[in-house]
Amino acid sequence: MPIHACTLVSRSASAVLQHIENLAGRFTRQTLLFTLSPNVAATELSSIVSNVTALSNNSVGCLAAPTHGPDLITCSLAFFDADSCIPFRSTIAGTPIPQVGRWHSFRKKDESSDSLENVDWEDVWSRRTSTVPLPDELQGVDPADINAVIYFTDSSPQGLTTSLSQLPNAARLGLIATSTPFITGRPFTMLHNKDIYDSGAVGLALINRPRLTSTLDFLGLSALSEPMTVTQSEGNLVNTLDGRNPTQLLLDALNNKGMNVATSRWFKDEEQFYVVHGKRVYTITAGDPSRGTISLSGEDGPGVGTKVQFYARQKAHVHEIPDPSSSITFLVSEENKAVYQGDSGSGFVAASENGFVYGDHSICKVPGGVARLSF
C-alpha cells in the first residue's frame, strides 16, 4: 500500500499549499502519484503544481476534475516505495474518437451480417495484443511481477490498454485526464517529473507485492426491466431485443414503473437511461419508437445473443462510496456538480468528466461509476 496517501479538499489554494509544504522533505526518495483540480487562478495553479512536483524526485500526475463541486479544490497524493514501483510514459497510439451515435455501414442493406456475427473477437484481440509492446520502462520487467498499473491518459487509451493486457497478474486502473484547453492551452495536462504532456499517458507499475483487489461499481442505477436478449445489432445500434422494438420496450418499462416519460424529453431532463450487460454500461443516446433502434454511446455495443437490461439513473446524485482509505478511487464527474462528499481519510480519490478505464474495459463515462484499487 502507499506509504502515505491523502485527498486534500479546500476552498483555499493557500490551505492546500500549506498542507503540501508540511509534507516537504518527508518523501523525497519515494515515488509520487498525484492529481490536482484546476479550478484555481492560473498563478495559484502553477504554484501548487510546482510545490507538488517538488515533494518527490520522481512523480507522475495529471489535472483532474474537482470531486466536491466547482468551488472546492481537490489535490490527491499517494507516495509509494520507490523500490516497488516503476514510473512510465506511454506514447502508444489509441483509436480516434468516433462520432457518437452514428455507425456507417458500407455493405448493401440486403447483405447478410452473419459474417460479422461469426467473428471470433477473442482471437482478433489476442492477435492484436501480441503486436503492441509494453511502454519502454516496463519492457525489462517480468510481466508476472507486475501486480498493478495505475495511469493517467488522454481520451484514446486503447493502444495502452491492449498493451497492458499482456500482464497476467496486474490489476489495471486508468483515469482520463480532465479537459484543459481553456486552462493550460492543452487538451489534457499530464506530468512526469518536470515534463508536461498533452497526449499519451503517464503512470506507475507496482511490482513484487501481494495481489491487489480491484472493483467496479455503478452507484445510483436502478433496474427498469428483466433481462432481454439482443437479437439484432450493428455497431453502437441495437435494432431488436427479444425480436421486438427496443425503444418501445424501454417506453413500456418506464410506464410500468409509473414514470410516463415522453420521448421528446428522454435525454434532456432528470433521468438518464442505460443498457447494462454485466459490468458494461452503455448510455442510451437516442431512440425512436417508430423505427425501434436505440443508439448507444461509444463505437460498439452488446453483440447478438448478449443478455442486457434497461437501467435508469437520476442526474442529481452524489456518490456515497465506501470508505476510500487504503485505496485508489476513480470517479466519473459531472460538470459543476459534486460527485463525492465526505472525508477521504488516508485514501486517494480523483475524478474526471472524461471517465476512467477499468481493466480491459472501454472508457466508462457513466455518472455513478466508481473504480477502486484496494491495498
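Select Val 357, which lies in strand E21 (residues 356–358); strands (E, at least two residues) and helices (H or I, at least four) are DSSP runs, numbered from the N terminus. Val 357 counts as buried, at 1% relative accessibility. Buried means under 20% relative accessible area, exposed over 50%, and partly exposed in between, with a 1.4 Å probe and protein chains only.

This is a predicted model, in which local features need pLDDT of at least 70 and side-chain atom pairs count only at pLDDT 80 or more, while totals for chains, interfaces and linings use all residues. Residues are numbered from 1 along each chain as its sequence is written, and side-chain values use heavy atoms, with hydrogens and water left out.

Now show the surroundings of Val 357. Leaving aside neighbours within four places in sequence, Val 357 is in contact with Tyr 151, Pro 157, Thr 161, Arg 172, Leu 173, Gly 174, Ile 176 and Ile 363; contact means heavy atoms within 4.5 Å. Thr 153 is 204 residues away along the chain, and its C-alpha atom is separated from that of Val 357 by 9.3 Å.

A search of the whole structure finds 1 cavity of 30 Å³ or more, and about 40 Å³ of space lies in the largest cavity. Select Ser 90, Ile 92, Thr 153, Asp 154, Ser 156, Pro 157, Leu 160, Gly 200 and Ala 201 to see its lining. On a 1 Å grid over the protein atoms alone, a cavity is a set of points where a 1.4 Å probe fits but cannot get out, and lining residues have an atom within 4 Å of a point. Grid points are joined across faces, edges and corners, and the volume is the space filled by probe spheres set on the points.

Go on to strand E19 (residues 327–332), where Leu 331 lies. Leu 331 counts as buried, at 0% relative accessibility. Leu 175 is 156 residues from Leu 331 in sequence and 8.5 Å from it in space, C-alpha to C-alpha.

Select Phe 330 next. Not counting residues up to four places away in sequence, its contacts include Phe 152, Leu 175, Phe 348 and Phe 356. Phe 330 is among the residues with the most contacts inside the largest nonpolar core, which has 56 residues. Such a core is a set of buried Ala, Val, Leu, Ile, Met, Phe, Trp, Tyr and Cys residues joined through side-chain atoms within 4.5 Å. Apart from it lies another core, of 23 residues, among them Leu 32, Leu 45, Leu 55 and Leu 77.

Move to helix H1 (residues 13–23), in which Ala 13, Val 16, Leu 17, Ile 20 and Leu 23 are buried. Looking down the axis of H1, these buried residues fall within an arc of 110°, so they line one face of the helix; the arc is that of the directions from the helix axis to the C-beta atoms. They pack against strand E1 (4–10), helix H2 (42–53) and strand E4 (73–80). Gly 25, which follows H1, has a positive phi, near 85°.

Asn 193, between strand E8 (190–192) and strand E9 (195–197), has phi near 55°, a positive value in a residue other than glycine. Asn 193 is partly exposed, with a relative accessible area of 25%. Asn 208 is in the loop between strand E10 (201–207) and strand E11 (213–218), and its phi is near 50°. Asn 208 is exposed, with a relative accessible area of 60%.

Technical notes
On a 1 Å grid over the protein atoms alone, a cavity is a set of points where a 1.4 Å probe fits but cannot get out, and a pocket is an open set with protein on both sides within 12 Å along at least five of seven lines; lining residues have an atom within 4 Å of a point.
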